[in-house]
Amino acid sequence: MELLQLQYFLTVARLEHMTEASRALHVTQSSLSRTIQRLEESLGVPLFNRSGRKLKLNEAGSRFLRRAERALFELEQGKLELNDLAGWVPGTLELAVTTASTLPNILRAFQKRRSNIQVHVQMTSLREMIALLHRGEVDFCLSSPPIYEEDIECQIVFVDPILVAVPNGHRLANRNSVTLLELREERFVGVKRGYGIRGIVDAACKSVEFEPHYVYEGDEPARLSALVEAEIGIAFMPSTARNERDPIRYLHIDDHNLVREIALLRHKSRYLTQGALEFREVVIDYFETLSKQRI
């Protein structure tokens, strides 16, 4: 079994299409097909069910995929560790987030300390984030809600109150707080299920027996304030997303302690470079300062 065979196998397994995989790997389809065939011959079992150029992992392939991902992950971690030992600084730190409202300040603080490291950020759903963690493709994640799994290190860094954002001309704009039941007839703008605080607020509303009527559902929380300002609907928004310069009123929720927990996550087996350690310090320091300001 060769390393190249494993790398090709992972690509084919993820794309499930020989033509797309050959393009991604910059090799001919015939060469890729022969490499996968040799791997299957060395293992003694087929790994895919085939239908033309489309392939679907069978049970053996699915089991072997987990092992192959782990093997390549460990080799990559060994390379990172040796590079770190030799004083080589990686140029990129990989970050995935479900919450982006605090990112600008965190990235600014990190760039002041490590201007030679670029942070590559992916906005993901919770399910996508878990997959990235287990594949070892990210150094850290900033997630709300937290993820509690045996292989994932989860540190709660901030407890963020959830507010209701209404436009200045709204019937509730002269209020400081509101109950959930008072929002029963409102139109809402929000993120899709699986993103941001959607699960938290839907569960809270369900507990008082109403389901928010969403007229807009997206995957970019930053757009919500503009939609509220345009009077498309009102929105549940975390306090860290509040911008006092916007012509929007932010109301506290009286009858529920509605908060989101922001967690810093990493896979326990992923090697932490010196740059990654410094990034973790920046994140923790930022949220500690923010917590003190709120008090």
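I started with Val 159 and found it in strand E6, which covers residues 152–167. A reminder to myself: this is a predicted model.

Is Val 159 buried, exposed or partly exposed? Its relative accessibility is 46%, so I put it down as partly exposed; the exposed class would need over 50%.

Together with Tyr 148 and Ile 156, Val 159 makes up a nonpolar patch. I noted about 300 Å² of accessible area for the three of them together.

Then I went to Ser 125. I found this residue in a loop, with strand E4 (118–123) on one side and helix H6 (126–134) on the other. Ser 125 has 11% relative accessibility and therefore counts as buried, since the limit for that class is under 20%.

Which residues does Ser 125 touch, once neighbours within four places in sequence are set aside? I listed Thr 98, Gly 194 and Tyr 195.

After that I zoomed out. I have nine helices and twelve strands for the protein. The C-alpha trace spans about 70 × 50 × 30 Å along its principal axes. Of the 295 residues, 45% are buried.

I also checked contacts between residues at least 6 apart in sequence: 76% of them join residues at least 24 apart.

Last, the surface and the charges.

Technical notes:
Residues are numbered from 1 along each chain as its sequence is written. This is a predicted model: local features need pLDDT of at least 70, side-chain atom pairs count only at pLDDT 80 or more; totals for chains, interfaces and linings use all residues. Side-chain values use heavy atoms; hydrogens and water are left out. Helices (H or I, at least four residues) and strands (E, at least two) are DSSP runs, numbered from the N terminus. Buried means under 20% relative accessible area, exposed over 50%, partly exposed in between (1.4 Å probe, protein chains only). Contact means heavy atoms within 4.5 Å. Patches are made of residues with over 30% relative accessible area and no salt bridge: like charges are joined within 9 Å, nonpolar side chains (Val, Leu, Ile, Met, Phe, Trp, Tyr) within 5 Å. Accessible areas come from the Shrake-Rupley method with a 1.4 Å probe; for residues, only the protein chains shown count as cover. A salt bridge is a side-chain nitrogen of Lys or Arg within 4 Å of a carboxyl oxygen of Asp or Glu.
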